[in-house]
Amino acid sequence: MVTASPDAYRAAMRQMASSVSVVTAAYGGRIHGMTATAVTSVSADPPTLLVAVNRTARSHAFVTSSGRFAVHVLNESQLAIASRFAAGIDDQFAGCAYELEPGGCPVLPDAAATFVCRASSAYDVATHTLFIGTVESATNGGRPPLLYFDGAFVALAREPA
Ligand SMILES: Cc1cc2nc3c(=O)[nH]c(=O)nc-3n(C[C@H](O)[C@H](O)[C@H](O)COP(=O)(O)O)c2cc1C
């Protein structure tokens, strides 16, 4: 069986521009969040998406234990939030505005889009778990998204109107 090397794979994946999300969850009276680009739409009917979470990430236990999560597609001015939730720090939400949705997940304001999900199934693949989210609420925030490309956060380039 022929398999590309992880380094060749990572190098090629740098060419794949992605939107940048923060996935939040809550469990046992604690809230948590993680920056993620491995977020993909699966289906519109019923509304379904997936998030790939490394099983070593602290977020993994939050989503597994609570069975729900919120996905925030960050807007182009939320670069500091993307960095904060990728840093593995303890006091992630210090100075960060949020509200709790009825199921308990922290919801960040002003995202380009927000999806609150029930984790309806989970599949372990290699180092990650694919959490399938059945979408309970979907909000288009009407702002351009932050992107991640070639190892850096970038804004979407648009032709002038
Ligand atoms: C741009 C970017 C995208 C990322 N995408 C993912 C992802 O899709 N899945 C994942 O498990 N980790 C991803 N990470 C890594 C996590 O954000 C990082 O390991 C984080 O510290 C995990 O937080 P936690 O351990 O507190 O849950 C990404 C990091 C960056 C900077």
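Student: Which residues have the most contacts inside the largest nonpolar core?

Tutor: In soluble globular proteins, nonpolar side chains tend to be buried together. A nonpolar core is a set of buried Ala, Val, Leu, Ile, Met, Phe, Trp, Tyr and Cys residues joined through side-chain atoms within 4.5 Å; buried means under 20% relative accessible area, with a 1.4 Å probe and protein chains only. The largest one here has 15 residues, and Val-23, Leu-49, Val-51, Val-53, Phe-69 and Val-71 have the most contacts inside it. This is a predicted model: local features need pLDDT of at least 70, side-chain atom pairs count only at pLDDT 80 or more, and totals for chains, interfaces and linings use all residues. Residues are numbered from 1 along each chain as its sequence is written, and side-chain values use heavy atoms, without hydrogens and water.

Student: Which elements give two or more residues to this core?

Tutor: Helices (H or I, at least four residues) and strands (E, at least two) are DSSP runs, numbered from the N terminus. The contributors are strands S2 (21-27), S3 (30-36), S5 (47-54), S6 (68-73) and S10 (128-140), together with helix H2 (58-66). S5 gives the most, with three residues.

Student: What is Val-51 in contact with, leaving aside neighbours within four places in sequence?

Tutor: Contact means heavy atoms within 4.5 Å. Val-51 touches Val-23, Ala-38, Val-39, Phe-69, Val-71, Thr-129, Leu-130 and Phe-131. Another core, of 10 residues, lies apart from the largest one and includes Val-22, Leu-74, Phe-93 and Leu-146.

Student: How many of the 161 residues count as buried?

Tutor: Of the 161 residues of the chain, the buried share is 35%.

Terms used
Buried < 20%, exposed > 50% of the residue type's maximum accessible area, 1.4 Å probe, protein only.
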